[in-house]
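Please consult the sequence and the model shown below while reading.

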Amino acid sequence: MNTIIRKSMLSVAGLAFAGGVFAGPIAAHANPVDAKPAAVAVQTAKPQGEQSRIPLNDEQIANVKAIIAATKKAGLPERAAVISIATSFQESKLENLGHLGDRNDHDSLGLFQQRPSSGWGTPEQITNPEYSTTAFLKGLKQVDGWQDMPLTKAAQTVQVSAYPDAYAQWEQQAADLVAQHWNS
């Protein structure tokens, strides 16, 4: 009798597992009644750590729109724009920086503080928002699994920063900006 109960329980467990395997993906793509805001849809998880937020001027908003346009042109999803914008927040506060003299980090320029000496392009190219974003996205596409990894890990793999965890603080504002401007 003990064997019959055990086999029955294993059968029920197997059916439950199979139901989850087959119904899980279907349920995951169903439209829930209370859908989440778009800002949540472009994030893979809750942003890591404490979040920073700054007010943006017209130049910074124009750079956000340029990053989104370049991301769309590259055929990449909103998540790539979130990673790009968060990276630019950390590197330049979304300002297209030229040479900063003694305050400059080596020969870093533009929205992503890319370096001509590291092969990112010429100073003129790197200070062009479309070019610099496309260069960043090209690096991002080479990161296996970037779509599902924490934002800061994806950004750090491309940027190789001395402060690898700093990108995470901008994820929520970047996601909010993508949600606001992706379809505009």
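How many residues does helix α4 have, and what distance does it reach from its first C-alpha to its last? In this predicted model, helix α4 spans residues 78-92, which gives it 15 residues. Its reach from first to last C-alpha is 21 Å, close to the 21 Å expected at 1.5 Å a residue.

**Overall organisation**

- The protein chain has 8 helices and 0 strands, and its elements run α-α-α-α-α-α-α-α from the N terminus on.
- Of the 184 residues of the chain, 36% count as buried.
- Among contacts in the chain with a separation of 6 or more, 62% are made by residues 24 or more positions apart.

- Helix α4 is largely enclosed by the rest of the structure, because 12 of its 15 residues are buried.
- The buried residues of α4 are Arg 79, Ala 80, Ala 81, Val 82, Ile 83, Ser 84, Ile 85, Ala 86, Thr 87, Ser 88, Phe 89 and Ser 92.
- The cover over these buried residues includes α3 (58-73), α6 (129-141), α7 (151-159) and α8 (171-181).
- Lys 93 follows α4 and has a positive phi, near 55 degrees.
- Thr 87, located in α4, has a relative accessible area of 0% and is therefore buried.
- Beyond residues up to four places away in sequence, Thr 87 touches Phe 112, Phe 136, Ala 155, Gln 159 and Tyr 167.

**The largest nonpolar core**

- Nonpolar side chains tend to be buried together in soluble globular proteins.
- The largest nonpolar core here has 35 residues, of which Ile 68, Ile 83, Ile 85, Phe 136, Leu 140, Trp 146 and Val 178 touch the most other members.
- Helices α3, α4, α6, α7 and α8 each supply at least two residues of this core, and the largest share, 7 residues, comes from α4.
- Ile 68 touches Ala 81, Ile 85, Leu 177, Val 178, His 181 and Trp 182, leaving aside residues up to four places away in sequence.

**Packing of α3 against α6**

- Two packed helices are described by the angle between their axes and the distance between the axes.
- The axes of α3 and α6 come within 9 Å and cross at roughly 50 degrees, which means that α3 is oblique to α6.
- This crossing of α3 and α6 is right-handed.
- On the α3 side, Asn 63, Ala 66, Ile 67, Ala 70, Thr 71 and Lys 73 take part; they meet Pro 129, Glu 130, Thr 133, Thr 134 and Leu 137 in α6.

- Thr 152 is placed in helix α7, and it counts as buried because its relative accessibility is 7%, under the 20% cut-off.
- With residues up to four places away in sequence not counted, Thr 152 touches Gln 48, Pro 164, Asp 165, Ala 166, Tyr 167 and Ala 168.
- Gln 125 lies in helix α5, residues 123-126, and its relative accessibility of 31% makes it partly exposed.
- Gln 125 is in contact with Tyr 131 and Ser 132, its neighbours within four places in sequence being left aside.
- Gln 125 and Leu 109 are 16 residues apart in sequence, and their C-alpha atoms are 9.7 Å apart in space.

Notes: Residues numbered from 1 in each chain as written. Predicted model: local features only at pLDDT ≥ 70, side-chain atom pairs only at ≥ 80, totals over all residues. Heavy atoms only, no water. Helix = DSSP H or I, 4+ residues; strand = E, 2+ residues; numbered from the N terminus. Expected span 1.5 Å × (residues − 1). Buried < 20%, exposed > 50% of the residue type's maximum accessible area, 1.4 Å probe, protein only. Contact = heavy atoms within 4.5 Å. Core = buried A, V, L, I, M, F, W, Y, C linked by side-chain atoms within 4.5 Å. Axes fitted to C-alpha atoms, helices over the stretch in contact; angles between N-to-C directions. Parallel < 35°, antiparallel > 145°, perpendicular 65-115°, else oblique. Left-handed = near helix turned anticlockwise from the far one by under 90°.
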